[in-house]
Amino acid sequence: MDKYLEYGSIDVLSYIIKTCTSLNIDINLTKAQKILYCCYGAVLAKYGYRLCAEHPKAWQYGPAFPRAYSAHRKSRINFDSTDPISSNKCPSEIKSLIDVTIKYFGKYNASALVAWSHKHGSPWAICSNDGMNLYGDISDEIIKNYFKNNVLASAQ
């Protein structure tokens, strides 16, 4: 799948953290990564576009975006700059889906999101062989189908 929105994973993560902060949603590194993954999956399932060029990887604690993870961990996210999602560069229907996804998954803590992402049959479980083969890409096609059939379908 080559269609992606021209956002960096770091910019999307910045938007997620700013939005969680403004909504008084507790956020930490692990939870931020899982919400980024959920936003990626929701946009992919509903619109057929990857939210960012970076693919999620199957890490020990679930799907992760290495560049965004590293930037967050090293405090290299610039929250003062205008991210492309906050600006008018993001189509309103995609921004709305991202916002709904943040609010929905934001009510869960990091541990619950890790457990959810590890469920048997999840994209992480399929692509990592239930955690036996870590650090590879998680297939966009598997993410798209999973979110279409299990996440978006249950939210309607």
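Is Tyr 69 buried, exposed or partly exposed? Tyr 69 is partly exposed, with a relative accessible area of 25%; buried denotes under 20% relative accessible area, exposed over 50% and partly exposed the range in between (1.4 Å probe, protein chains only).

1. The model is predicted: local features need pLDDT of at least 70, side-chain atom pairs count only at pLDDT 80 or more, and totals for chains, interfaces and linings use all residues. Residues are numbered from 1 along each chain as its sequence is written, and side-chain values use heavy atoms, with hydrogens and water left out.

2. Over the whole structure, 11 aromatic pairs are found. Rings of Phe, Tyr and Trp (its six-membered ring) pair if their centres lie within 6.5 Å; planes under 30 degrees apart count as stacked, over 60 as edge-to-face and the rest as tilted.

3. The ring centres of Tyr 37 and Phe 147 are 5.5 Å apart and the planes stand at 75 degrees, so this pair is edge-to-face. Because Tyr 37 belongs to helix α2 (residues 29–47) and Phe 147 to helix α7 (residues 140–155), the pair ties together parts 110 residues apart in sequence. Helices (H or I, at least four residues) and strands (E, at least two) are DSSP runs, numbered from the N terminus. Tyr 37 and Phe 147 are both buried.

4. Trp 59 and Tyr 69 also form an edge-to-face pair, at 5.1 Å centre to centre and 80 degrees between the planes. Trp 59 lies in strand β1 (residues 57–59) and Tyr 69 in helix α3 (residues 66–73). Trp 59 is partly exposed, at 21% relative accessible area.

5. One aromatic cluster includes Tyr 37, Trp 116 and Phe 147.
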